[in-house]
Amino acid sequence: MNSKVIIIGAGIGGLATGARLASRGYNVEIYEKEDTIGGKVNRFESGGFSFDSTASILMTPQVYKEVFTYANKASENYLEFIKLDPNYRVFYHDQTTYDFSSDLTKLVPTLEEISIEDSASFIKLLAHSYEKYLIADRYFLSKPFTRFIDFFNPLTISKAIKTNTLSTTFKYTKNFIDNEKLVKYICFQAMYVGISPYEGPNIYTLVPAVSQLYGLWYLKGGMYSYVKALEKIILEFGGKIHRNSPVKEILFLKDRAIGVSTDEEEVKGDIIICNADFSYSMKTLIKDNKAKAKYKNRRIENMKYSCGTFMIYLGLKKKYPTLNLHNLYLGEAFEKNIQAAFQGELPDKPSLYIYCPSTIDDSLCSGGKEVVNIMVRVPNLLFERVNWDSHGISELRNIVINTVKKIKGLEDIEDNIEVEKYFTPLDMRNSYNSYGGASFGLSHTLTQTNYFRPSIKSQKIRNLYFVGDSVHPGTGVSIVLNSSKIVTEEILKNSPRNKL
Ligand SMILES: Cc1cc2nc3c(=O)[nH]c(=O)nc-3n(C[C@H](O)[C@H](O)[C@H](O)COP(=O)(O)OP(=O)(O)OC[C@H]3O[C@@H](n4cnc5c(N)ncnc54)[C@H](O)[C@@H]3O)c2cc1C
C-alpha cells in the first residue's frame with residue numbers, strides 16, 4: 001500500500017509539496033483550516049470585482065513551471081504567463097513619474113534621465129547583485145541544510161563569504177548609487193521579504209536584480225490561478241483536500257509522528273508535513289517537548305519576525321490609465337516612514353505598492369472598471385502598539401487614500417470607489433495563523449537564514465517535515481516552491497522503498 005502523507009495547511013508550500021508527492025504515488029491528504037485554499041495567496045470576490053488578496057509580483061516563472069514538470073504535467077495546459085513591460089511605474093512625491101522597463105534598451109534612457117552620473121552604477125549594482133543571486137541559487141536556496149555539515153563545509157562557507165552580505169541593503173546600494181530616486185527604488189523592492197533595508201543584510205538587492213534581469217510576469221486570472229492549477233493536479237493524482245478542517249494537534253508515539261487530530265477525528269499517517277506557520281505550529285500544534293527540539297516557547301518568542309501589511313482593496317467605477325499593473329509611490333521622509341513599520345509605528349507619509357491587474361486582465365471586473373490593491377508596510381502585532389479597530393483602520397485608510405490622491409491622474413479616486421475592503425495584521429493572524437500577524441514569517445536576519453533558519457526536517461522526529469515561508473529557504477512564492485522541492489526530495493531519499 002502507498003505511504004499516506006498528511007499535510008497541515010493548503011498554502012503554496014502545502015499544495016506544491018502535495019502535488020509533487022501525489023505525482024510520485026503517495027497517498028496525499030491535505031487539511032486546511034479555512035474554507036478557501038492558498039493561504040496567504042488567496043482571492044475574494046466582492047460586488048463584481050475579483051481581488052488577489054496578497055501576493056501579486058511574480059518573479060522566476062520557471063520555478064512555478066518546474067512543479068508541473070516535476071509532476072509530468074505540461075504547465076501550459078494549466079497556466080498562461082504574460083511578460084510585463086514595464087516592470088514598474090514609479091511615482092515620486094515631487095510629481096515625477098518613470099517607467100522601469102524590463103528591456104535594457106528602454107531602461108537605460110530612463111536611468112539617464114533620472115541621473116546620468118548613476119546610470120552605469122545602477123547597472124553595476126544589478127550585476128553584483130546578480131552574481132550573489134547565482135551563488136545563493138546554487139549553494140543555498142536549493143540545499144536542504146538538514147545537517148550541520150551541509151552548511152559548515154569549506155565550499156559553502158567560502159560561497160557565503162563571497163556573498164558578503166554584512167552591510168545593510170541601504171549602505172550597499174549607496175556604495176554604487178547617489179541618486180535618491182534610484183536608491184529608493186532599489187531599497188523598496190529589497191524590502192519585499194519583510195525586512196528593513198536600513199537593517200537587513202544586503203543580499204536582498206537580489207530582488208530588484210532578479211526582477212530586472214529575468215523580468216516580471218503576470219498569470220492570466222491573477223496569482224490565484226496558480227493555486228487553482230496546483231489543486232487541479234493534486235486531484236488528478238487522486239489526492240484529497242479537506243477544507244474547514246483545522247488541525248488541533250500533531251500526534252506522536254516515541255520518535256515518530258503518527259497522525260493529527262481535528263475537531264472530528266484522529267487521522268493516522270506515515271509522513272506528516274506541516275505547512276502551517278512554523279512558530280504557530282511549534283507553540284500550538286506540537287505539545288510534545290521532545291518534538292519541539294530547540295524551538296521551545298521562549299525561543300519562539302525571542303525570534304525576530306517580519307513586518308505586517310495593511311491592504312486596501314478598491315473596486316473602481318472607471319478606468320485609471322495613469323496606472324500600470326505594478327506601481328510604486330515612493331514618498332517623502334522615506335527612511336523614517338519605511339523604518340516606522342520595523343519600530344512599531346505607523347507611517348504618516350507612507351510609500352506604497354499599488355497593484356492594478358485590470359490594466360491587462362479583463363476577467364477581474366466588468367469593462368470600464370478597475371481593480372486596485374494598495375499595500376503599505378506596518379508593524380506586526382508583536383509590537384502591541386497599533387489598534388486595528390475600526391477607528392485605527394479608518395485613520396490609516398485616510399492617510400493612504402490622501403497619499404494616493406496626490407498622484408497625477410488619481411486625484412478623484414475616492415469619488416469613484418464602488419467596493420472598499422481592508423486586510424490587517426490581525427486578519428493575517430486570525431485567517432492563516434501567521435505568528436504575530438507577520439506577513440512574511442520569520443525575519444530574514446543573518447541568524448535566521450540558511451542553516452540557522454528552522455529546517456525542513458524535524459531534528460528529533462523521523463517522519464515530520466516542514467514547508468513554508470518560515471523554514472529554509474524562506475519567504476516569497478518561488479522560494480516556498482523551492483522549499484517544497486527540497487522537502488519532497490528529502491522524503492523520497494528517506495523513503496523505505498528507495499532504500500530497498
Ligand atoms: C501582503 C503580502 C504580499 C505578498 N506579496 C508577494 C508577492 O508579490 N510575490 C511573492 O512571491 N510573494 C509574496 N508574498 C509572500 C507569499 O505570499 C508567501 O511567502 C507564501 O504564500 C507563503 O506560503 P506558505 O505555504 O509558506 O504559507 P501560508 O500561505 O501561510 O499557508 C499556510 C496554510 O496553513 C493553514 N493553516 C494554519 N494553521 C492551520 C491548522 N491548524 N490546520 C490546518 N491548516 C492550517 C493556513 O490557513 C494556510 O492556508 C506576500 C505575502 C503577503 C502577506
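I began at Pro 473, which sits in the loop between β19 (464–466) and α17 (477–494). Helices (H or I, at least four residues) and strands (E, at least two) are DSSP runs, numbered from the N terminus.

The model is predicted: local features need pLDDT of at least 70, side-chain atom pairs count only at pLDDT 80 or more, and totals for chains, interfaces and linings use all residues. Residues are numbered from 1 along each chain as its sequence is written, and side-chain values use heavy atoms, with hydrogens and water left out.

**Backbone entries**

I noted another cis peptide bond, between Asp 85 and Pro 86, with omega about 0°. Pro 86 lies in the loop between β5 (81–83) and β6.

Next I looked up phi. Most residues other than glycine have a negative phi, and most peptide bonds are trans. Asn 244 is not a glycine, yet its phi is positive, about 50°. I place Asn 244 in the loop between β9 (240–242) and β10 (247–253). Asn 433 also has a positive phi, near 60°. Its loop runs between α16 (425–432) and β19. Is Asn 433 buried or exposed? Its relative accessibility is 19%, so I count Asn 433 as buried. Buried means under 20% relative accessible area, exposed over 50%, partly exposed in between (1.4 Å probe, protein chains only).

**Strand β15**

I then turned to β15 (residues 326–330). Here 5 of the 5 residues are buried, so the strand is largely enclosed by the rest of the structure. In a regular strand the side chains alternate between the two faces of the sheet. On one side of β15 I find His 326, Leu 328 and Leu 330, and on the other Asn 327 and Tyr 329, all buried.

Which strands pair with β15? Strand β6 (residues 88–92) runs parallel to β15, joined by 4 bridges. Arg 89 stands opposite Asn 327 there. Strand β16 (residues 352–355) pairs with β15 in the antiparallel sense, over 4 bridges. Leu 328 faces Tyr 353 across that pairing. Pairing requires at least two DSSP bridges between the strands.

**Surface**

My last entry is a nonpolar surface patch of Tyr 130, Leu 134 and Leu 213, with about 250 Å² of accessible area together. Areas come from the Shrake-Rupley method with a 1.4 Å probe; for residues, only the protein chains shown count as cover. Patch residues have over 30% relative accessible area and no salt bridge; like charges are joined within 9 Å, nonpolar side chains (Val, Leu, Ile, Met, Phe, Trp, Tyr) within 5 Å. A salt bridge puts a side-chain nitrogen of Lys or Arg within 4 Å of a carboxyl oxygen of Asp or Glu. Leu 134 belongs to helix α4 (residues 116–139). Leu 134 is partly exposed, at 39% relative accessible area.
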